[in-house]
6 protein chains.
Amino acid sequence: MPEVVVFAAEGRSDAQKRTLLKKITEAVVESFGVDKESVIVSIQETPKKHKSRGGVPFDER
Amino acid sequence: MPEVVVFAAEGRSDAQKRTLLKKITEAVVESFGVDKESVIVSIQETPKKHKSRGGVPFDER
Amino acid sequence: MPEVVVFAAEGRSDAQKRTLLKKITEAVVESFGVDKESVIVSIQETPKKHKSRGGVPFDER
Amino acid sequence: MPEVVVFAAEGRSDAQKRTLLKKITEAVVESFGVDKESVIVSIQETPKKHKSRGGVPFDER
Amino acid sequence: MPEVVVFAAEGRSDAQKRTLLKKITEAVVESFGVDKESVIVSIQETPKKHKSRGGVPFDER
Amino acid sequence: MPEVVVFAAEGRSDAQKRTLLKKITEAVVESFGVDKESVIVSIQETPKKHKSRGGVPFDER
């Protein structure tokens, strides 16, 4: 605890996502002073056509 | 901001989902008076066998 | 089903939020053709100081 | 209502997930005294490489 | 892991919520065979006026 | 986009939470190479009595 959920469109590389998991965990540990092993991070990916900004799907932007 | 997450079972067409992204964005803009570009909508789909009502998965209902 | 979760900063009026619940429900019914009673919408409010864009909390923007 | 979202790494069998949907529904009915048909449960699965504890993805643990 | 989030309207007693946390944890342990200490459950309460079914807020139903 | 939701028990200081918003934003920018202004972070706090690990609420641990 805490648990972090990242809602992101598909399309990043595995390396970028691995880096994100690591850096978000560090951010939580440094800010909240919790033990690293208590921090869970999940990346919930969504296809670009199922996610929009301004009503326009990301595969059309 | 705000961000809207729709938890739905798989099975709708892309056209239905595109319409949903557009109409939900309009609903937020009309209700909260925010700029359209600040509204993010994500459709988080779940296979019917991983989602239930009354304890019965949607692929068995 | 589906279930819609709106993550928003605090600060809108109850009337705005009631309108949002109604309009999002209509958007889902019109787009997915589901029965109105199957659509659940939740507004998860966050204090402005606990929500940020660009790393800056909304109470400082 | 209520709606339960389970964030889990991929890898369990369909039988395990069916059991989970059923048992969580029972837990909510017994605890909150609501009608079974009002309880929605969704299992949001994440690939092990997109989910971490302690900054280490579950496919490397 | 896994993490369970329960989206519920306000109004239940602390005893009901304590029972829910316990029973959902047991449901996950029995279904997924994970260690009890790895299961996190959060109840995200919403005021009845900010949550609706069929477009009607729960404080008006 | 992306949007990050942090599910945490109540109890941290505003300074800790401000630091968390900043550091998570930096983590996303550095990992995904997105513009800072596109990153939204929300801290969804839960009272300790409504959140558990191993079935035991955090106010009893």
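This is a predicted model: local features need pLDDT of at least 70, side-chain atom pairs count only at pLDDT 80 or more; totals for chains, interfaces and linings use all residues.
Trainee: By what turn can chain F be laid on chain E, and what relation is that?

Mentor: Chain F can be laid on chain E with an RMSD of 0.0 Å, and the shift along the axis that goes with this superposition is 0.0 Å. The turn is 120°, and therefore the relation is that of a three-fold axis.

Trainee: Which residue of chain F has the C-alpha nearest the axis?

Mentor: In chain F, the C-alpha in question lies 4.7 Å from the axis. The copies use different surfaces, since 13% of the contact residues of chain F recur in chain E. The residue whose C-alpha is nearest the axis is Gln44(F).

Trainee: What radius of gyration does chain A have, beside that of a compact globule of 61 residues?

Mentor: The C-alpha atoms of chain A fill a box of roughly 40 × 25 × 15 Å along the principal axes. A compact globule of 61 residues would have a radius of gyration near 10 Å, whereas the value for chain A is 14 Å.

Trainee: How many Å apart are the mean positions of the positive and negative charges of chain A?

Mentor: The accessible surface of chain A comes to about 2200 Å², with 46% of that area belonging to carbon and sulfur atoms. As for the charges, chain A has 11 positive and 10 negative ones, and their mean positions are separated by 6 Å.

Trainee: Is Phe32(D) buried or exposed?

Mentor: Phe32(D) is found in helix α1 of chain D, which covers residues 14-32. The cut-off for a buried residue is under 20% relative accessible area, and because Phe32(D) has a relative accessibility of 7%, this residue counts as buried.

Trainee: Which residues is Phe32(D) in contact with, leaving aside its neighbours within four places in sequence?

Mentor: Within chain D there is Pro2(D), which is 30 residues away along the chain, although the two C-alpha atoms are separated by 9.2 Å.

Technical notes: Residues are numbered from 1 along each chain as its sequence is written. Chains are lettered from A and ligands numbered from 1 in the order in which they are written. Side-chain values use heavy atoms; hydrogens and water are left out. The radius of gyration is taken over C-alpha atoms; the globule rule is 2.2 Å times the number of residues to the power 0.38. Accessible areas come from the Shrake-Rupley method with a 1.4 Å probe; for residues, only the protein chains shown count as cover. Lys and Arg count as positive and Asp and Glu as negative; His and the chain ends are not counted. The place of a charge is taken as NZ of Lys, CZ of Arg, CG of Asp or CD of Glu. Copies are superposed by least squares on the C-alpha atoms of residues with pLDDT of at least 70 in both. Contact means heavy atoms within 4.5 Å. Helices (H or I, at least four residues) and strands (E, at least two) are DSSP runs, numbered from the N terminus. Buried means under 20% relative accessible area, exposed over 50%, partly exposed in between (1.4 Å probe, protein chains only).
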